[in-house]
Amino acid sequence: MIETARLRLRRWQEADAAPWAAMCADPEVMATIGPLQTPDEAAAGMARMDAGIARDGHGFWALERRADGALLGFCGIKPGPEATPIAGLPEIGWRLARAAWGRGLASEAAAACLAWAWANRDWPAVYAITTPGNARSLAVMARLGMAEVAGGAFDHPAVPAGHPLRPHLTFRIARPQEA
């Protein structure tokens with residue numbers, strides 16, 4: 001478990017299913033991510049994320065507000081998707097419910113995940129991918145100090161050809177230098 005002043009990153013729980021399904025069915029949340037998901041699709045995604053955490057010791061953790069335990073989304077680091085420039089490399093990612101936007105929570109959670117990575121893994125860098133139009137994620141990446149990888153633009157193989165979300169950009173942050 002990772003904790004910040006306002007947040008807790010943890011394994012997924014059965015109680016997360018309904019708020020997670022609502023988030024995955026929200027057109028604004030999914031606008032730059034992909035198609036809306038049914039409750040069964042959202043549950044399958046939640047199960048995959050938790051299985052990855054169980055297998056690797058890290059992944060896209062459930063993100064909850066410490067004050068009341070409300071599920072806000074996810075944040076964490078998992079192996080990058082196959083057939084992309086970051087296949088198998090550590091990929092940081094996040095998705096927050098619309099009600100949690102604009103409060104610096106994604107940046108807070110992602111910074112905590114990076115701190116965890118530098119303390120617990122020997123990765124030389126962490127990567128992120130997003131669509132060019134995902135202004136919120138691009139802003140989080142900038143706040144984290146991530147830089148776009150030259151030549152890292154690609155068409156995401158999991159998105160159909162011609163779909164506006166197929167083009168992706170790759171970002172990277174190097175491990176901080178030891179003093």
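Q: Hi! How many aromatic pairs does the count come to here?
A: Hello! The count comes to four aromatic pairs. Keep in mind that this is a predicted model.

Q: Okay, take tryptophan 20 and phenylalanine 74. Why is that pair called tilted?
A: Their ring centres are 5.8 Å apart and the planes sit at 55°, so the pair is tilted: stacked needs planes under 30 degrees apart, and edge-to-face needs over 60.

Q: And where in the chain do those two sit?
A: Tryptophan 20 is in helix H1 (residues 17-24), while phenylalanine 74 is in strand E4 (residues 71-79). They are 54 residues apart, and the pair links distant parts of the chain.

Q: Are tryptophan 20 and phenylalanine 74 buried or exposed?
A: Both tryptophan 20 and phenylalanine 74 are buried.

Q: What about phenylalanine 60 with phenylalanine 74, how are those rings arranged?
A: That aromatic pair is stacked, with 4.6 Å from centre to centre and 15° between the planes. Phenylalanine 60 belongs to strand E3 (residues 60-65), 14 residues away from phenylalanine 74 in E4. Phenylalanine 60 is buried, as is phenylalanine 74.

Q: Nice. Which residues do the ring pairs link into a cluster?
A: The cluster is made of Trp12, Trp20, Phe60 and Phe74.

Q: Switching topic: what's the phi of alanine 83?
A: Phi of alanine 83 is near 60°, a positive value in a residue other than glycine. For background, most residues other than glycine have a negative phi.

Q: Where is alanine 83 found, and why does it count as exposed?
A: Alanine 83 is in the loop between E4 and strand E5 (90-96). It counts as exposed because its relative accessibility is 64%, and the cut-off for exposed is over 50%.

Q: How far does H4 reach?
A: H4 covers residues 105-120 and reaches 22 Å from its first C-alpha to its last, close to the 22 Å expected at 1.5 Å a residue.

Q: Zooming out, how many helices and strands does the protein have?
A: It has five helices and nine strands. The protein's radius of gyration is 15 Å, close to the 16 Å from the globule rule for 179 residues, so it is as compact as a globular protein of that length.

Q: Last one: what share of the residues is buried?
A: Buried residues make up 48% of the 179. The protein exposes about 9000 Å², with carbon and sulfur atoms supplying 56% of that.

Definitions and conventions: Residues are numbered from 1 along each chain as its sequence is written. This is a predicted model: local features need pLDDT of at least 70, side-chain atom pairs count only at pLDDT 80 or more; totals for chains, interfaces and linings use all residues. Side-chain values use heavy atoms; hydrogens and water are left out. Helices (H or I, at least four residues) and strands (E, at least two) are DSSP runs, numbered from the N terminus. The expected span of a helix is 1.5 Å times one less than its number of residues. Rings of Phe, Tyr and Trp (its six-membered ring) pair if their centres lie within 6.5 Å; planes under 30 degrees apart count as stacked, over 60 as edge-to-face and the rest as tilted. Buried means under 20% relative accessible area, exposed over 50%, partly exposed in between (1.4 Å probe, protein chains only). The radius of gyration is taken over C-alpha atoms; the globule rule is 2.2 Å times the number of residues to the power 0.38. Accessible areas come from the Shrake-Rupley method with a 1.4 Å probe; for residues, only the protein chains shown count as cover.
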